[in-house]
Amino acid sequence: MKQFIHIILRKGKPLDAFCHNLERLLVLSFLVLALVPLQAQNGQVSGTIMMSDSLSTLPGAHVYLEKTNLGATTNGNGYFSIQNVPPGDYTLHISSIGFIAEQKRISVTAGEKLVVQASLIESVSTLDDVVVMVKGNRGLKDIPGSVQYISPKQIQKFSYTDINRTLRGVPGINIQEEDGFGLRPNIGLRGTGVERSAKITIMEDGVLMAPAPYAAPAAYYFPTIGRMQGIEILKGSSQIKYGPYTTGGAINLLSTQIPETFSGRLDLLGGSFGGRNMHASVGNSHENFAYLVETFQFSSDGFKELDGGGNTGFDKKDYVGKFRINTDQDARVYQSLTFKWGQVTETSNETYLGLSDSDFAADPYRRYAASQNDLMETEQSQYTLTHLARFSKSLQVSTTAYRTNFSRNWYKLDKVVDDEGNKIGIANLLDDPSANANAFAILTGTTSANANALQVKANNRDYYSQGIQSVLTASFKTNTLSHNINFGIRFHQDQVDRFQWVDDYSMNDGIMQLTNSGTPGTESNRIAVADAFATYVEYKLRYERLTVTPGLRYENITLEEKDYGKNDPARTGEDLSIE
């Protein structure tokens, strides 16, 4: 070794290079040796996050240490690991979309591998039984029959604003597209008819949401899916508590819940055909007061092409406010009073007019000139007041008073009058255009000889739905048997008021011109009212792994329709008929 060094020393420049490399090697070795003990002094925090009352792990949950930049996200098995944590006391935050966030105080010591186990409760479980059917994933096992739950994470994953696409993956649901945006869905469950979702029960937070669920159940209004936190679908006998339609099933949409801590969001999206979405909310919960203010707005220029040009899209704006006052959590009888207000407006350049077979084959997105004035305008408002009294963990009563108003006027082409004065409905006209060549030419923009060639009907209707419903929930045990009783009662009234008219237009080189304004009430002029009383009792008996759930529902419905006739727009009653 000495000889080797001696030889190197005699080389001159190689000696300088060797010393330089040796110096770098020694410094690097020193740093490595110095850092290893430092790293060994830090700790590690790891663990598995579960869903409360469930055997399922929770992937995609966010875990971080307060006032640090240290954090992790759980993997597909709900596992997380935070490395190189300096010793000390920390607050561990755990959160996931659709779940109530949790905080844990932890202490990390040098070289320790701290294992943390935690479970998050779904935020929908904070709702009362009167407005929740499934109570999230954790409640699926407690519901008899076929049940599906679409979680907030699933909804946010695709950011759907179309209920048809949201429900497409659920078995047993029949969907018929209409406008391409899901504004007026046609949904059936287990073989029921799909037209206007009239054969299923539609609810938002447990409150009936069809414009008039008994008198006129066809749902021209459907809650805005873009602002919903979850969706519950019950089919068959499992929805006995949620009439009036208990044959096919029920769909309950869960609106955004008031957050446990101060939080807000602002989402802006843009897409094809001039699509624009905005979702904004802010809310907080204090000891005795909580609130949430939210809006969801979306619009599009439409994907159809109107002869002569024009907007074929829509503009929908949805606003919601929730306010809650409550006693202290440790009160002998916990009580809360929650007020919810909502308003939705929609303007849609939509038509009933289709295309002939040949024109559809050439361009399925074409719209004839005679549909240029077709317009759907709607306005919906809802008010609910919910009182909850929790006497103990096993006994509570929840009561909700509600009122919804819905008005809509679908102004759309109804008939074409040819040059000889023959009135032809648009469906018959498109079935055989060659047999009605003159009327079809007017439909597509040819100037009409008849001044009143196009009859546009104002399909105007006003609805309201109101009532009060209450649910008592009690549970107890006797020896090895567990008992759960749900008793519900509802008084309900709804009404549809049809007050319609027809305007006449001429066609002049592809442009429609108003020639005669109709008188409101001279087309359809009638009111239908429904009064309903409903009650149910459901008893759940559980012994070890055996559960028996008998139930009974009773409905008493009274319907009355007053037809004032087309010749009595003032509704004096001179031609009144009552059914």
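Is Lys 317 buried, partly exposed or exposed? Lys 317 is partly exposed, with a relative accessible area of 25%. Here buried means under 20% relative accessible area, exposed over 50%, and partly exposed in between (1.4 Å probe, protein chains only).

This is a predicted model, in which local features need pLDDT of at least 70, side-chain atom pairs count only at pLDDT 80 or more, and totals for chains, interfaces and linings use all residues. Residues are numbered from 1 along each chain as its sequence is written, and side-chain values use heavy atoms, with hydrogens and water left out. Helices (H or I, at least four residues) and strands (E, at least two) are DSSP runs, numbered from the N terminus.

**Salt bridges**

- The whole structure holds 23 salt bridges. Each is a side-chain nitrogen of Lys or Arg within 4 Å of a carboxyl oxygen of Asp or Glu.
- Lys 317 pairs with Asp 315, and their closest N and O atoms are 2.8 Å apart. Asp 315 is partly exposed, at 32%.
- Glu 346 bridges to Arg 184, also with closest N and O atoms 2.8 Å apart. Glu 346 sits in strand E20 (residues 334–348) and Arg 184 in the loop between strand E9 (173–176) and strand E10 (186–189), so the bridge ties together parts 162 residues apart in sequence.
- Glu 346 is buried, at 5% relative accessible area. Arg 184 is buried, at 1%.
- Glu 523 and Lys 566 form a bridge with closest N and O atoms 3.7 Å apart. Glu 523 lies in the loop between strand E28 (511–516) and strand E29 (525–543), and Lys 566 in the loop between strand E31 (551–563) and strand E32 (577–578), so parts 43 residues apart in sequence are tied together.
- Glu 523 is partly exposed at 23% relative accessibility. Lys 566 is partly exposed at 48%.
- A salt-bridge network links Glu 204, Asp 205, Arg 227, Asp 318, Lys 322 and Lys 340.

**Aromatic pairs**

- The count is 13 aromatic pairs. Rings of Phe, Tyr and Trp (its six-membered ring) pair if their centres lie within 6.5 Å; planes under 30 degrees apart count as stacked, over 60 as edge-to-face and the rest as tilted.
- Phe 181 and Phe 303 make a tilted pair, 5.6 Å centre to centre with 45° between the planes. Phe 181 is in the loop between E9 and E10, and Phe 303 in the loop between strand E17 (289–300) and strand E18 (305–306), so the pair ties together parts 122 residues apart in sequence.
- Phe 303 is partly exposed, at 24% relative accessible area. Its ring centre is 5.7 Å from that of Tyr 365, with the planes at 85°, so this pair is edge-to-face.
- Tyr 365 lies in the loop between helix H5 (357–362) and strand E21 (366–367), so its pair with Phe 303 ties together parts 62 residues apart in sequence. Tyr 365 is partly exposed, at 44%.
- Ring pairs join Phe 181, Phe 273, Phe 296, Phe 298, Phe 303, Phe 314 and Tyr 365 into a cluster.

**Charges over rings**

- The charged end of Arg 184 sits over the Trp 410 ring, 5.2 Å from its centre. The rule is NZ of Lys or CZ of Arg within 6 Å of the ring centre and within 35 degrees of the ring normal.
- Lys 412 lies over the face of Tyr 352, 4.5 Å from the ring centre.

**Around Tyr 245**

- Tyr 245 is in the loop between strand E13 (228–235) and strand E14 (249–255). Tyr 245 is partly exposed, at 22% relative accessibility.
- Lys 199 is 46 residues from Tyr 245 in sequence, yet 6.4 Å away in space, C-alpha to C-alpha.
- A polar atom of the Tyr 245 side chain lies 3.3 Å from the backbone oxygen of Pro 213.

Conventions
A polar contact is a pair of N or O atoms within 3.5 Å; within protein, one must be able to donate a hydrogen and the other to accept it, and residues adjacent in sequence count only if both atoms are side-chain atoms.
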